[in-house]
Amino acid sequence: PDTPVPQEEPAGQNPPDGAIIDYYLAKDAANVQLEILDSKGNIIRRYSSDDTLYTIPKNNVPPYWMRPQQLLSTKAGSHRFTWDIHYQPLNLPATYPISAIYMNTAPDPTSPFVMPGTYKAWLTVDGKIYQQTFTVKMDPRVKTSTKELTLQHDLSFMCYSNMRKCMDALKSTETTGDAAAELRKDLNSYLRTFGSVQNILQDSDMPPTTQTIAAAKEAGKNFAAAWKKYMSLKK
């Protein structure tokens, strides 16, 4: 249920929600990197032992609901790391869902789920690469067709990609003066629109509704004009 179960309530524990990656270091390392690649060789998620913890914004909930953040360890020994089978998250302030789990509530995702398929993990330890392929499978209880899942993914990825464009454009127009004020207003509006549509698309494994498909396509079409205006201003 949405309301968090009190921590004194007996409850079981789900397995980690993602792809579990175990690695062993014979000795301490100076640097460890983990990259996830899709079947085409594109790097879709990157972790590094040099990463820093994201800033937790002020919340009106006790911090003991939140999942501890994981970083790649460089210490000798066995380690377990979980990839949440999402694309690289956007650099947005963390928000948390109301469906909380004591000491294990992950922040709301800002990027889409990947499609079922074959992926590769590249572990780089002080410059030496180790690799392993693995398969992401669909929950067998979900009967949504591959075609419909692909449509859901592609529309979600379009929203995600355009959100990244909006954020990059907003960052590059911070000091350009009044000429960019109207454009920045439009970009912020598109950022919210794409975020809302992506959340709707990613909310379940059911086929996207005709209204959601129309909203995504309309936003993408209208954004193309705003992006053209941004590129002109950038030049």
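This note sets out numbered points on the fold, core and selected residues of the structure.

1. Basis. The model is predicted: local features require pLDDT of at least 70 and side-chain atom pairs count only at pLDDT 80 or more, whereas totals for chains, interfaces and linings use all residues. Residues are numbered from 1 along each chain as its sequence is written, and side-chain values use heavy atoms, with hydrogens and water left out.

2. Overall architecture. The chain has 3 helices and 6 strands, in the order β-β-β-β-β-β-α-α-α from the N terminus. Helices (H or I, at least four residues) and strands (E, at least two) are DSSP runs, numbered from the N terminus. Along the principal axes, the C-alpha atoms fill a box of roughly 55 × 45 × 40 Å. Of the 235 residues, 33% are buried; buried means under 20% relative accessible area, exposed over 50%, and partly exposed in between, with a 1.4 Å probe and protein chains only. Contact means heavy atoms within 4.5 Å. Among contacts between residues at least 6 apart in sequence, 71% join residues at least 24 apart.

3. The open sheet. An open sheet is formed by 4 strands in the order β3-β2-β5-β6, with antiparallel pairing. Its edge strands are β3 (43-48) and β6 (128-136), each of which pairs on one side only. From one strand to the next the twist averages 15°; axes are lines fitted to C-alpha atoms, for helices over the stretch in contact, and angles run from 0 to 180 degrees between N-to-C directions. Two strands are taken to pair if DSSP finds at least two bridges between them. Strand β5 (residues 117-125) is joined to β6 by 9 bridges in the antiparallel sense, and V125 stands opposite K128 in β6.

4. The β1 and β4 pair. Strand β4 (residues 77-83) pairs with β1 in the antiparallel sense over 7 bridges. Within this pairing, W83 in β4 is the bridge partner of A19.

5. The nonpolar core. The largest nonpolar core comprises 45 residues, and those with the most contacts inside it are L34, I36, W83, Y119 and F134. Helix α1 (residues 146-172) gives the most to this core, contributing 9 residues. Such a core is a set of buried Ala, Val, Leu, Ile, Met, Phe, Trp, Tyr and Cys residues joined through side-chain atoms within 4.5 Å. Leaving aside neighbours within four places in sequence, W83 is in contact with residues including A19, I21, I36, Y119 and F134.

6. Cysteines. Which cysteine sulfur is closest to that of C159? It is the sulfur of C166, at 10 Å, too far for a bond. The structure holds 0 disulfides, a disulfide being a pair of cysteine sulfur atoms within 2.5 Å. C159 is buried, with a relative accessible area of 0%, and C166 is likewise buried, with a relative accessible area of 0%.

7. Q202. Where is Q202 placed? Q202 is in the loop between α2 (181-201) and α3 (210-234). A polar atom of the Q202 side chain lies 2.8 Å from the backbone nitrogen of F113; a polar contact is a pair of N or O atoms within 3.5 Å, where within protein one must be able to donate a hydrogen and the other to accept it, and residues adjacent in sequence count only if both atoms are side-chain atoms. Neighbours within four places in sequence aside, Q202 is in contact with P112, F113, Q152 and S156.
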